[in-house]
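Here is a short report on one predicted protein model.

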Amino acid sequence: MPSNPLLHFITKVINLEDVKVINYHFLTDDEIVIEIENKLKVAKCPHCGNTSDKIHQNHWYRVRDIPLSDYQVLLKVNRRQLKCKKCHQVFSEELDFIKARRTYTKRLAMKVIKEVLETNVESAARRNRMTTSEVETLLKELEVDLLAEKPKKLKKLGIDEITQLKGGKNYAAVLVDLETRKPIALLEKRNKAVIAEYISSLGLEVLSQIEEVSIDLWIPYKSLIQEMMPNAQIVADRFHVMKQINEELDQKRKKEKRAAEKIKNKKERENILAGLTQSKYPLLKKKENLNSEEKAKIESVEKVAPELGKMYRIKEGIRDIFDSPITSDEALYKFLEWTETAYKYFPKSCRTISRWIDEILAYFDSRTTQGIVEGINQKIKLIKRRAYGLTNFDNFRRRILLNWYFCY
Ligand SMILES: [Zn+2]
């Protein structure tokens, strides 16, 4: 039996709350088994809430923990079964540092996840002396834990789409709790049936609490929400409206460029192309955020492609409406006014706006989603870039969710 000071020292080093080291031995030259015991004698009965110290059975097993210096560590843990003195049921105690039925500590899981997200499964496995399939299992189990609890309270829901692969046409749907900003589901297909199935699994009690649903401008969502969430106001977030307007603006830029490339006169051709080159991002930016170089770019666009320049100003006009502290009634007049000038240049966006006017105006009343939807979208884009190359949806979804929880 090792000396008490040494055990006390190891207890300090492994640094787990309410845990005392009672023994240790070397399994191999660099692998150590540390036997620990719970300092708390009593545990709370999950059935009635009463505490008990009546041991029913000891249950010793080994779990892997984070390494200590160069030593791999296995903890020998006793998850005791106790008998409740009040309701007489037998229960297993909860241990803060290991989830039930897992063979690794929570902090090892965090370390591995972090390494997987920074590098890849293979190197994280190598570093932690696990096999790749053990790491895959760990990721899978963590995902299950993260999504295990369906929300019980949900007031503001966001539904958005993400393309799964770069340039791909496969959309996945992401559902986000807009209050906690956490994703609650990532569904492989964005179609009415798949989304309806998930939504109905939330249960009537949750669905009737939902006050607001922010969606992108996709018609099938609308009827789905009206049917399934009777108390929810549908909101078309400004982000989705601006996204469509920016797309139309960018299409015009491309069109101007293609037309210029066909010009026979070399000097004229080069002059126009020089004015248009690298104008994509300045055109999408808001005017207050342009630096002097970008301002100059917008000016040169206005010179060589006046119609595109005009479209930039019209786009900024609608952004101003969204930025103004006005009511939905005032916004309606502003939109009508805007549409009159804009229709010629942004026919598609204008049609969308008129089709979604109620939902767009609802944005002015709530404004609760301001910035959140855009932030979530940016985040997905970033994560997607990291997860690039994952063709298997399960892996893709896992990466997105784990990134979401652990990297931001
Ligand atoms: Zn009990």
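The centres of domain 1 and domain 3, taken over C-alpha atoms, are 63 Å apart. Domain bounds come from an automatic or database domain assignment, and the table lists them.

| Domain | Residues |
|---|---|
| domain 1 | 1-98 |
| domain 2 | 156-237 + 369-406 |
| domain 3 | 239-366 |

This is a predicted model: local features need pLDDT of at least 70, side-chain atom pairs count only at pLDDT 80 or more, and totals for chains, interfaces and linings use all residues. Residues are numbered from 1 along each chain as its sequence is written, and side-chain values use heavy atoms, without hydrogens and water.

Four strands form an open sheet in the order 1-2-7-6, with mixed pairing. Strand 1 (19-28) and strand 6 (60-68) are the edges; each has a single partner strand, so one side of each lacks a neighbour in the sheet. From one strand to the next, the twist averages 25°. Helices (H or I, at least four residues) and strands (E, at least two) are DSSP runs, numbered from the N terminus. Strands pair if DSSP finds at least two bridges between them.

Strand 2 (residues 31-38) pairs with strand 7 (residues 71-78) in the parallel sense, over five bridges. Ile 34 has Leu 75 of strand 7 as its bridge partner.

Which residues are buried in helix 14 (residues 347-355)? They are Ser 349, Cys 350, Thr 352 and Ile 353. Buried means under 20% relative accessible area (1.4 Å probe, protein chains only). Seen down the axis of helix 14, the buried residues fall within an arc of 160°, so they line one face of the helix. The arc is that of the directions from the helix axis to the C-beta atoms.

Notes
Axes are lines fitted to C-alpha atoms, for helices over the stretch in contact, and angles run from 0 to 180 degrees between N-to-C directions. Buried means under 20% relative accessible area, exposed over 50%, partly exposed in between (1.4 Å probe, protein chains only).
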